[in-house]
Amino acid sequence: MEKRKILFLCTGNSCRSQMAEGFANQMGWNAYSAGTKPEAEVNPFAVKVMEEIGINISLYSPNNISKYLDENFEIVATMCDNARETCPVFTGVSKHQIHNGFIDPADAAGSDEEITEVYRRIRDEIRGWVKELTGDNL
């Protein structure tokens with residue numbers, strides 16, 4: 001049986017969408033993520049908080065949404081308001097287009113520990129949302 005495909009979209013594709021991709025991959029989906037203005041690399045705080053729960057996203061890399069415009073997905077999920085508003089038109093098929101505007105943990109300020117706490121909170125919110133989206137019990 002072919003794995004179900006899901007695409008997570010954000011602006012920078014360095015934090016939120018990368019974490020969501022990691023969760024969905026762990027749940028057995030064929031998961032991808034992309035950004036409307038992708039950063040150069042995955043945010044190290046996102047890598048750290050995912051490693052804390054046994055999911056390695058250190059080898060992931062930010063991608064431009066244009067890479068996926070012609071592909072078919074069961075779900076296309078936007079994770080920030082900017083990505084939702086600037087998302088180009090998909091020529092591929094997507095059964096469901098879903099949005100949830102998570103705050104950007106990259107905007108967190110303070111000590112490394114304070115910033116890490118923000119990432120953990122967003123990670124846990126994303127985990128719950130991805131479980132709900134995919135109908136999986138992680």
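## Aromatic pairs

This predicted model holds 6 aromatic pairs. One of them joins Phe102 and Trp129 in an edge-to-face arrangement. Their ring centres are 5.3 Å apart, with 70° between the planes. That angle counts as edge-to-face because it is over 60 degrees.

The pair ties together parts that are 27 residues apart in sequence, because Phe102 lies in the loop between strand E4 (94–99) and helix H4 (112–134), while Trp129 belongs to helix H4. Phe102 is buried, at 8% relative accessible area. Trp129 is buried too, with a relative accessibility of 8%. Both fall in that class because the cut-off is under 20%.

## The largest nonpolar core

The largest nonpolar core has 32 residues. Which residues touch the most other members? They are Phe8, Ile126 and Val130. Several elements give two or more residues to this core: strand E1 (5–10), helix H1 (16–26), helix H2 (44–51), strand E3 (73–78) and H4. H4 gives the most, with 8 residues.

Ile126 shows where some of these contacts go. Neighbours within four places in sequence aside, Ile126 is in contact with Arg16, Met19, Ala20, Phe23, Met79 and Phe102.

## A separate core and a charge over a ring

Another core, of 8 residues, lies apart from the largest one. Its members include Leu7, Leu9, Tyr68 and Phe73.

Lys5 lies over the face of the Phe73 ring, at 4.7 Å from the ring centre. This counts as a charge over a ring because the distance limit is 6 Å, with a further limit of 35 degrees from the ring normal.

## Helix H4

H4 has 23 residues. From first C-alpha to last, H4 reaches 32 Å, close to the 33 Å expected at 1.5 Å a residue. Just after H4, Gly135 takes a positive phi of about 70°.

Which residues of H4 are buried? They are Ile115, Thr116, Val118, Tyr119, Arg120, Ile122, Arg123, Ile126, Trp129, Val130, Leu133 and Thr134. Among them are the arginines Arg120 and Arg123. An α-helix has 3.6 residues a turn, so residues three or four places apart point the same way. The buried residues of H4 pack against E1, H1, H2, E3 and E4.

Notes: Residues numbered from 1 in each chain as written. Predicted model: local features only at pLDDT ≥ 70, side-chain atom pairs only at ≥ 80, totals over all residues. Heavy atoms only, no water. Phe/Tyr/Trp six-rings, centres within 6.5 Å; stacked < 30°, edge-to-face > 60°. Helix = DSSP H or I, 4+ residues; strand = E, 2+ residues; numbered from the N terminus. Buried < 20%, exposed > 50% of the residue type's maximum accessible area, 1.4 Å probe, protein only. Core = buried A, V, L, I, M, F, W, Y, C linked by side-chain atoms within 4.5 Å. Contact = heavy atoms within 4.5 Å. Expected span 1.5 Å × (residues − 1).
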